[in-house]
Amino acid sequence: MNRQVYYQILKRLGVEVPADVPAVETEEVVVEPTGISPPIPVHCLRVALRRWFRLTVAEVDGRRPGAEEVESLRQEILKLEDETGPAYAGPVLREEARRFQRETARCGWCGNLGHDGGCER
Ligand SMILES: [Zn+2]
């Protein structure tokens, strides 16, 4: 039996109930938010770098991207590099450039063909 109810019964029966009867204890269940977690910065950084490499290649091929697009992407990459942490962002950058080179045969840094041993630019 709930202690509070018990005391109420005692009171009704005329039994002295101490004043410091604790409040009714409710069962409180804290529900932690679960499920979808926000995309981690390193994944966003990889995606943004890919876009940057593609823009670089497009420019070399004569499709000059808009200055606004380039600037906003540059800002996004800087922000994501910051969030990822410089110690980790550097290797991610080089890895993504290597992957891009392997998949497209183009250098992500200068947009030209080759440079699989690294860009001399
Ligand atoms: Zn290059």
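Because the model is predicted, local features are taken only where pLDDT is at least 70 and side-chain atom pairs only at pLDDT 80 or more, whereas totals for chains, interfaces and linings use all residues. Residues are numbered from 1 along each chain as its sequence is written.

The protein chain holds four helices and zero strands, in the order α-α-α-α from the N terminus; these elements are DSSP runs numbered from the N terminus, with helices (H or I) of at least four residues and strands (E) of at least two. Of its 121 residues, 14% count as buried, a residue being buried if 20 or more other C-beta atoms, placed from the backbone, lie within 10 Å of its own, exposed if 12 or fewer do, and partly exposed in between. Among contacts (C-beta atoms, placed from the backbone, within 7 Å) between residues at least 6 apart in sequence, 52% join residues at least 24 apart.

Helix α2 (residues 41-60) packs against helix α3 (residues 67-84) at an angle of about 150°, and their axes are 9 Å apart; axes are lines fitted to C-alpha atoms, for helices over the stretch in contact, and angles run from 0 to 180 degrees between N-to-C directions. This angle makes α2 roughly antiparallel to α3, since angles over 145 degrees count as roughly antiparallel, those under 35 as roughly parallel, 65 to 115 as roughly perpendicular and the rest as oblique. On the α2 side the contact includes Leu45, Ala48, Leu49, Trp52 and Leu55, and among the α3 residues are Val70, Leu73, Ile77 and Leu80. By class, the contact has twelve nonpolar, one polar and four charged residues, where Ala, Val, Leu, Ile, Met, Phe, Trp, Tyr, Cys and Pro count as nonpolar, Asp, Glu, Lys and Arg as charged, and the others, Gly among them, as polar.

Leaving aside neighbours within four places in sequence, Phe53 is in contact with Ala97, Phe100 and Gly108.

Ala105 is found in the segment after α4 (86-104) and counts as exposed, with 12 C-beta neighbours inside 10 Å. His115 also has its place in the segment after α4, but is partly exposed, with 18 other C-beta atoms within 10 Å.

Note on methods: Two residues are in contact if their C-beta atoms, placed from the backbone, lie within 7 Å.
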